[in-house]
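Hi there,

Here is the structure I promised to send over.

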Amino acid sequence: MSTDHASTHVVTPWTALTPPPRVDPYVDLSEFEADGDLMVLNLGPQHPSTHGVFRIKLVLDGEVIVKAVGYPGYLHRGVEKLCEKLTFANITPILDKNDYLAPMTSEQCFNMALEKIAGVEVPRRGRWIRTLLAELQRIASHLIAIGTFAMDIGGAIGGGTNLFMWTFRERELILNAFEELTGSRFHYNTSCFGGQRHDLPAGWDLGVIKALDQIERRMVEYADFGTANPIFVNRCRGIGVLGRDLALELGLSGPLGRASGIDHDLRRDAPYHCYDELQINVPVLTAGDCEARYDIRVQEVRESIRLSRQLLAGVPEGPICSEKPNIGPTSVRVKGAPAYVAIEGPRGELGTFLIPTDKGTQPYRMKIRPPSLHAVAVVEHLLPGNNLSDAVAILGSLDPIMGEVDR
Amino acid sequence: MAVTQDDPQTDAVTPDAAPTDAAPTDAEAASFAEAQALASAVLGGVAAPTALDRDSRSYSNPLLDKVISVPGLDVAVATVERLLDWASSNSFFIFPMATSCCGIEFMAAAASRVDLDRMGAIIRPTPRQCDVMVVAGTITVKMAPRVRKLWDQMPEPKWCVAMGSCAISGDFYRDIYSVVPGVDTFIPVDVYVPGCPPNPEELMKGLKRLQVKIGMQRDGTWQRSGMPAEARPETKSLKLGGLLRIGDPDRAAGLSDAQRDASRSLGFDGAEHRGADEDHGNLFDPPESPPASQAAAAELEATHES
């Protein structure tokens with residue numbers, strides 16, 4: 001990580017701020033006059049700032065939110081039940097659609113659970129490529145989070161739409177590399193049981209390094225947007241302060257947890273893939289407000305760029321996929337004890353709990369632990385006490401993906 | 001200069017116009033500039049449209065059915081239908097009914113690389129200002145009444161684009177209890193854009209097809225009876241057949257009970273509303289009893305006979 005681009009911005013610790021008056025999320029509404037004081041406003045399910053189809057029932061006292069109740073389930077597609085009907089080889093492309101901003105980590109997590117049950121070890125080159133793709137996917141996912149958050153709080157006036165356009169421009173560079181590798185812009189289906197399906201084409205790394213240079217150069221502008229734009233700072237600093245205790249209680253992980261002071265990163269604390277061979281700097285902020293959640297994503301993108309450069313420089317030789325217990329061209333037989341595998345997705349701890357059937361061709365039960373579900377659970381605690389306009393900023397900074405919340 | 005005299009195609013199309021096809025001489029250009037200045041003076045300071053430029057005849061402006069040339073002034077004549085067609089097909093106000101993965105590709109289509117703004121499309125998140133609904137993503141049973149409600153809130157004329165296999169047929173979530181197998185089971189769809197998800201370029205191609213369709217609808221050349229076979233490529237090979245679609249009132253219903261019950265409750269005005277509009281209502285079953293008007297007529301006839 002080049003030091004000249006390091007952020008010199010010092011975030012005020014959240015204890016020094018005057019937090020908004022906390023309102024009990026389970027407040028008894030009978031204290032208010034039903035006709036005079038309160039108004040019920042439905043935010044969603046079709047609202048551009050909910051980042052998908054998520055409905056929040058807001059009870060307003062003037063401009064101030066008194067109570068917020070979240071209603072997920074508008075994108076419930078029965079994925080876990082659907083996967084019980086399919087063979088293991090058919091499940092990977094379906095899990096791509098779960099977290100549709102980071103399909104690479106979704107499919108890796110499932111295949112790692114399979115490999116853990118079967119006791120199959122992925123060759124080092126396969127693991128290396130998985131690490132590289134996961135880091136690139138983290139960059140692409142965080143770019144969207146940054147851009148859509150800026151559009152939510154700024155709109156066309158505060159310069160937010162500019163940032164939206166810019167981050168999508170940079171994301172296309174990553175997607176170009178993925179498309180060259182796997183043939184698809186997303187929903188890659190490149191991770192399979194035992195390794196990777198597609199090997200790196202010749203000269204692929206040169207294009208990726210060029211894209212990384214371009215992204216790192218432009219990340220300076222995005223970091224400045226978070227510190228030098230007064231509209232942005234006024235709308236984000238001290239808004240939606242999420243304390244460490246509440247974050248721990250609700251099971252938050254990933255950037256949301258690290259913005260609230262939870263120093264936890266599975267890449268460093270429980271290494272998988274090739275992360276034990278890398279030195280990972282985990283950025284941790286303590287402010288816990290919307291600005292910290294923005295800053296932590298900017299810093300994580302920079303860290304991922306640094307890791308991607310290291311990974312690209314030292315791709316080992318060898319096979320990308322191990323020998324598999326195949327029982328046909330499209331299916332494998334996996335028998336063993338149930339396993340839980342968790343990896344660090346762009347939104348936090350993404351876990352898969354898998355029980356194979358007795359025949360070993362299908363899952364008997366598959367449970368996905370999505371990080372966004374916990375981010376959505378925060379809404380009822382963060383929104384009360386804030387203004388209505390801040391609800392949009394808080395929702396944007398949480399960056400939930402409803403595909404994996406509802407599954 | 002889009003067309004020159006050497007262009008054989010131009011000569012073939014307009015052989016008689018060869019003398020006027022010649023590049024303008026200086027005197028002609030000067031007189032044309034003078035005429036243009038006069039036209040702009042007559043039009044009140046508005047610059048003369050470039051479509052009147054005689055040298056670039058290949059620039060086709062659909063507004064110009066006919067150009068009447070009088071000395072010093074060119075007058076363009078157009079019909080109201082073509083004017084409306086041109087205006088509505090080049091100024092899509094798109095309502096993004098984005099639920100899942102296709103919504104991200106829709107955002108990418110609206111963002112910097114593909115840039116739907118180039119074709120005049122503006123994305124507005126409220127249905128009351130929009131005329132094109134792009135359904136991008138899986139529509140569940142819980143979400144479908146909201147989609148229908150938003151569709152009913154859009155003012156006429158309006159069009160619907162089903163983007164991605166989930167919106168077209170439900171894709172592999174088709175048999176799941178909570179997923180509606182295709183958005184055209186409860187709202188009429190004009191253009192299907194297949195893919196999982198379709199690339200942003202594919203979406204743009206679909207919108208251009210919608211432009212063509214709008215033009216054909218205005219001209220009266222659009223065949224409403226029966227869908228073209230290629231319109232629903234994703235569903236052709238699926239085994240579960242017999243789904244009742246908008247425009248196919250005679251097909252047998254193949255929905256599961258939960259899907260059917262959920263879809264039946266879509267018309268928020270109740271059964272009368274569904275029966276009232278042949279295109280939008282009466283989704284799954286032919287009416288069991290004749291409509292009230294027919295019954296009244298039959299009753300009247302019976303009384304006359306007696």
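How many residues of chain A are in contact with chain B? Please keep in mind that this is a predicted model. On the chain A side there are 24 residues in contact, and they meet 24 residues of chain B. Helix α5 of chain A (residues 160-182) supplies the largest share of the side that touches chain B, with 5 residues. By class, that side of chain A has 12 nonpolar, 7 polar and 5 charged residues.

Staying in chain A, you will find helix α3 (residues 103-118) packed with helix α4 (residues 124-154) at an angle of about 145°, their axes 8 Å apart. From α3(A), the contact uses Met104(A), Thr105(A) and Gln108(A), while α4(A) brings Arg130(A), Leu133(A), Ala134(A) and Gln137(A). Sorted by class, this contact has 3 nonpolar, 3 polar and 1 charged residues.

Now to chain B, where 5 strands make an open sheet with parallel pairing, in the order β4-β3-β5-β6-β7. Its edges are β4 (122-123) and β7 (191-193) of chain B; each has a single partner strand, so one side of each is left without a neighbour in the sheet. Further in, strands β5 (residues 132-136) and β6 (residues 159-163) of chain B pair in the parallel sense over 5 bridges.

Finally, helix α5 of chain B (residues 101-110) lies across β3 (93-98), β4, β5 and β6 of chain B, and runs at about 150° to β3(B).

Best wishes

Terms used:
Residues numbered from 1 in each chain as written. Chains lettered and ligands numbered in written order. Predicted model: local features only at pLDDT ≥ 70, side-chain atom pairs only at ≥ 80, totals over all residues. Contact = placed C-beta atoms within 7 Å. Helix = DSSP H or I, 4+ residues; strand = E, 2+ residues; numbered from the N terminus. Nonpolar A, V, L, I, M, F, W, Y, C, P; charged D, E, K, R; others polar. Pairing = 2+ DSSP bridges. Axes fitted to C-alpha atoms, helices over the stretch in contact; angles between N-to-C directions.
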